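Hi everyone, thanks for coming. I'd like to walk you through one structure today, so let me put it up on the screen.

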Amino acid sequence: MSRPVAVRRIKTVSLNGTAVLVALVTLFPIAWMISTAFKPSQEIFSLTPHLTPGHPTLGNFREVISGQASGIGSVWLFFRNSLAVTLATVLVASLVSLLASVAVARFRFRFRASVLIMLLIVQMIPGQALIIALFLDFNKLGLLENLLGLILVYAAQALPVSIWMLRNFVATVPRELEEAAAIDGAKAPTIFWRILFPLVAPGLVATSIFSFITAYNEFIVALTFLGQAHSTYTLPIYVTYFFNRGGAQWGPIMAASTMYTIPVVLFFLIVRRRLVTGLTAGAVKG
Amino acid sequence: MAEYAWRRERPLRGTTPRGTSLAAFIRRHKLAPYLLLAPGLAGIALVLLWPLVQVGMYAFQNYGLPQITGAEPTQWVGLGNFSTTFADSEFWLSLRTTVLFAAVVVPLTLITGTLVGLLLHRLGKKMAAFVSTAALLAWATPPVAASVLFYWLFNPDGGLVDWTLSKLPNWLVGNTDWAGFNWTTSGALPVYTVMTLLVVWQSFPFIAVTVLAGLKTVPAELYEAARVDGATPFRVFWRITYPLLKPIFLVLLLLSVIWDFNVFAQSYVLTGFPGNRDEFNLSLYIYDKAFQFPPSYGLGGALALIFTLILLVVTVGYVRASVRQGLLR
C-alpha cells in the first residue's frame with residue numbers, strides 16, 4: 001500500500017521541482033535586468049557580481065528621467081511617443097478590422113475566399129522587404145520623422161491578423177439577435193453599434209493585444225522613418241540609440257529597458273485570460 | 001408604450017428620399033460587404049501590397065546613389081541586380097547564417113515549448129500559474145529590451161556569463177579563457193549562440209501556451225485508457241498527443257520558420273550593426289545594401305524579392321495547412 005503512494009510522491013516532487021527550475025531559469029534574465037537597474041555603478045562592474053543590489057539606488061532611473069544619460073531627452077518623452085503611436089494603432093486597427101470582419105463573417109460574396117487567402121499571405125510579408133518602398137513613399141508624403149506615418153504603417157500591418165481573428169468572434173454572435181432587431185425596425189448602424197459591437201467586445205480585446213504588441217515593439221520601420229529626429233523616437237529606437245552611444249552605461253540602460261518592459265507586462269497580466277485566444281486564434285483555431 | 005412610439009417614429013425618419021435610395025441601392029447591388037471591406041483593403045493595398053510591387057520594380061532598375069540625388073535617370077537593367085547579388089560571397093554567407101540559425105532555433109523552440117506545455121498540463125493549479133506567469137514575462141519583454149539585456153549578460157566587461165564560465169572548471173567549459181571573451185564581435189558562431197538563447201527564451205512561451213490550449217481539447221479518457229494499458233509517457237505522446245495535435249504543430253512549425261527567418265531587431269542590436277559584416281544575416285545584409293552608404297534601392301529591391309520568395313514557399317505551406325483545417329469557412 002505504501003509503495004504506490006511513495007512512487008506518486010516522488011513523481012509529484014520531481015514534477016514540481018522541474019516546474020520551479022523552469023520558472024526560475026525563465027525569470028532569471030528579467031531579474032538580472034531589474035537588479036542591474038537598481039545597482040550603483042561600482043556594484044555593476046564589481047569583480048564578483050551579486051544577484052541583488054547591495055546598496056539599491058534610484059540613481060539610474062533619475063539619470064534616465066533627467067535625460068542626462070542618453071543625451072537626447074527624458075525617457076518620458078519616448079514613453080509618450082510610444083504610447084501615442086500604440087494607442088492610435090490599436091484604435092484604428094480595431095475599428096477598421098471590425099468593419100471588414102463583419103463583411104467576411106456575415107456576408108457571402110464573390111471574392112470572399114480570395115480575400116481570406118490574401119489576408120493569410122499578406123501577413124507573412126516581412127517588414128525588411130517593404131521598408132525601401134515605404135521609406136520612399138512616406139518621404140514623398142512628408143510623413144517621415146513623425147508619428148502619424150508610423151501609425152498608418154502599423155495599423156495597416158495589424159489589419160490582416162486582426163480581421164482574421166475578429167471574424168471568428170463575429171461569427172459566434174447569433175444572427176437571430178440581429179434579425180430580431182431588424183424586424184423591430186432597427187437600421188444597420190443601430191444593429192452594428194447596439195448589438196454586434198457589445199457582443200464582439202471581448203474579441204476586440206483579444207485583437208487589440210496583437211495590434212498593441214505590433215506597434216509597441218516595432219523596430220525596422222521606426223528605425224528607418226525616424227532617422228535623426230530624436231524627439232520623435234519611440235521607446236525601442238530610444239533604447240537602441242542609448243545602447244549604441246556606448247560608454248557602458250549599463251545601469252541607466254537597464255533602467256530604461258525595465259521601464260520599456262513594464263507596460264507590456266502589465267497589459268499581458270490584465271488581458272491574461274484572453275492572451276491565448278488573442279495571440280493563438282490568429283494562428284490556430286481553438 | 002415607449003416601444004410603440006419608437007416604432008412609429010422609425011419609418012417617418014427613414015422616408016427622407018436620399019437615405020432610402022442610397023440604402024436601397026446598396027441592398028440592390030449587394031454592396032454592403034464591399035463597403036465594409038473597403039477601408040481595410042485600402043490600407044492593406046497601400047501599405048503592404050503596393051510597396052511590394054514597387055520593390056519588385058526597383059529590383060530590375062539601377063536605382064542607386066546617382067539616381068537618388070537625381071544626377072542620372074533610373075534605367076531598367078534586367079537581371080543585373082540579381083547577378084551582382086549572386087556574385088557576392090557576403091550574400092551567400094548571410095543566407096547560410098540565416099538558414100542555419102532557423103534550422104537550429106526552430107526545432108529548439110518547438111521542443112522546449114512543447115515540453116513546457118506538457119509540463120503545464122500536468123501541474124497543479126498554483127504551480128501552473130507560477131510557471132506560466134514566468135513564461136508570460138519572458139514573452140512580454142520587448143525584443144529590443146531583451147536584446148540589450150542579453151548583450152549585457154554576455155558582455156566581456158562585467159557580464160555575468162563570462163564571469164560564471166571563468167569560475168567553472170576547465171573540464172566542463174573547455175580551455176578557452178572565458179574571462180573577457182567577446183561573444184558579439186568574435187564571428188558568427190558566438191553571437192548566434194547568444195541569439196539562439198535569446199530567441200528560444202522569448203518564443204517558447206507562445207508554443208507552450210498554444211500546445212497547452214491544444215492539450216486541453218484532448219479527451220481525458222484517452223490518457224486514462226493509455227495509463228491502464230501501462231503505456232510509457234513517451235509512447236503516450238507519440239501515439240495520442242502528437243497525432244491529435246498534428247495540425248497545431250504544423251502551423252506552429254511554419255510560423256516559427258517565418259519568425260526565425262525574420263529576426264531583425266535582435267540581430268541589429270547583438271551584432272552592433274553595421275559593425276561586423278561577417279555576422280550579417282539576410283535581413284541585415286538587405287538593410288546594409290539598401291541604406292548604408294552608398295545606398296542602392298535596386299540591390300535592396302532584388303534582395304527583398306529573393307527574401308519574400310523564400311518566405312512565400314513557407315507561406316504557401318501555411319495557407320494550405322489552414323485551408324485543410326477548414327479555417328476558410
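Let's begin with the two domains of chain A: their centres, taken over C-alpha atoms, are 34 Å apart. Please keep in mind as we go that this is a predicted model. Domain 1 of chain A covers 2-57, and domain 2 of chain A covers 75-280. Where they meet, domain 1 of chain A puts in 7 residues and domain 2 of chain A puts in 6 residues. On the domain 1 side of that contact, α1 and α2 (41-44) of chain A each provide at least two residues. The biggest contributor there is α1(A), with 4 residues. Sorted by class, that side of domain 1 of chain A has 4 nonpolar, 2 polar and 1 charged residues.

Now, how do the two chains meet? In the contact between them, 76 residues of chain A touch 77 residues of chain B. Helix α1 of chain A, residues 2-37, turns up again here: its 13 residues are the largest share of the chain A side. As for the make-up of that side, 59 residues are nonpolar, 14 are polar and 3 are charged.

Let's move over to chain B and look at a pair of helices. Helix α15 (residues 282-291) and helix α16 (residues 297-324) of chain B have axes that come within 7 Å and cross at roughly 160°. That angle is over 145 degrees, so α15(B) counts as roughly antiparallel to α16(B). The crossing of α15(B) past α16(B) is left-handed. Who makes the contact? From α15(B) we have Leu282(B), Tyr285(B), Ile286(B), Lys289(B) and Ala290(B), and facing them from α16(B) are Tyr297(B), Leu299(B), Gly300(B), Leu303(B), Ala304(B) and Phe307(B).

Gly117(B) sits in helix α6 of chain B, which spans residues 89-122. Is Gly117(B) buried or exposed? There are 24 other C-beta atoms within 10 Å of it, so Gly117(B) is buried, the cut-off for that being 20 or more. Leaving aside residues up to four places away in sequence, Gly117(B) touches Ile207(B), Ala208(B), Val211(B), Leu212(B) and Leu215(B). There is also Val209(B), which is 92 residues away from Gly117(B) along the chain, yet their C-alpha atoms are separated by 6.2 Å.

Technical notes: Residues are numbered from 1 along each chain as its sequence is written. Chains are lettered from A and ligands numbered from 1 in the order in which they are written. This is a predicted model: local features need pLDDT of at least 70, side-chain atom pairs count only at pLDDT 80 or more; totals for chains, interfaces and linings use all residues. Axes are lines fitted to C-alpha atoms, for helices over the stretch in contact, and angles run from 0 to 180 degrees between N-to-C directions. Angles under 35 degrees count as roughly parallel, over 145 as roughly antiparallel, 65 to 115 as roughly perpendicular and the rest as oblique. A crossing is left-handed if the near helix is turned anticlockwise from the far one by less than a right angle, and right-handed if clockwise. Two residues are in contact if their C-beta atoms, placed from the backbone, lie within 7 Å. A residue is buried if 20 or more other C-beta atoms lie within 10 Å of its own, exposed if 12 or fewer, and partly exposed in between; C-beta atoms are placed from the backbone. Ala, Val, Leu, Ile, Met, Phe, Trp, Tyr, Cys and Pro count as nonpolar, Asp, Glu, Lys and Arg as charged, and the others, Gly among them, as polar. Domain bounds come from an automatic or database domain assignment.
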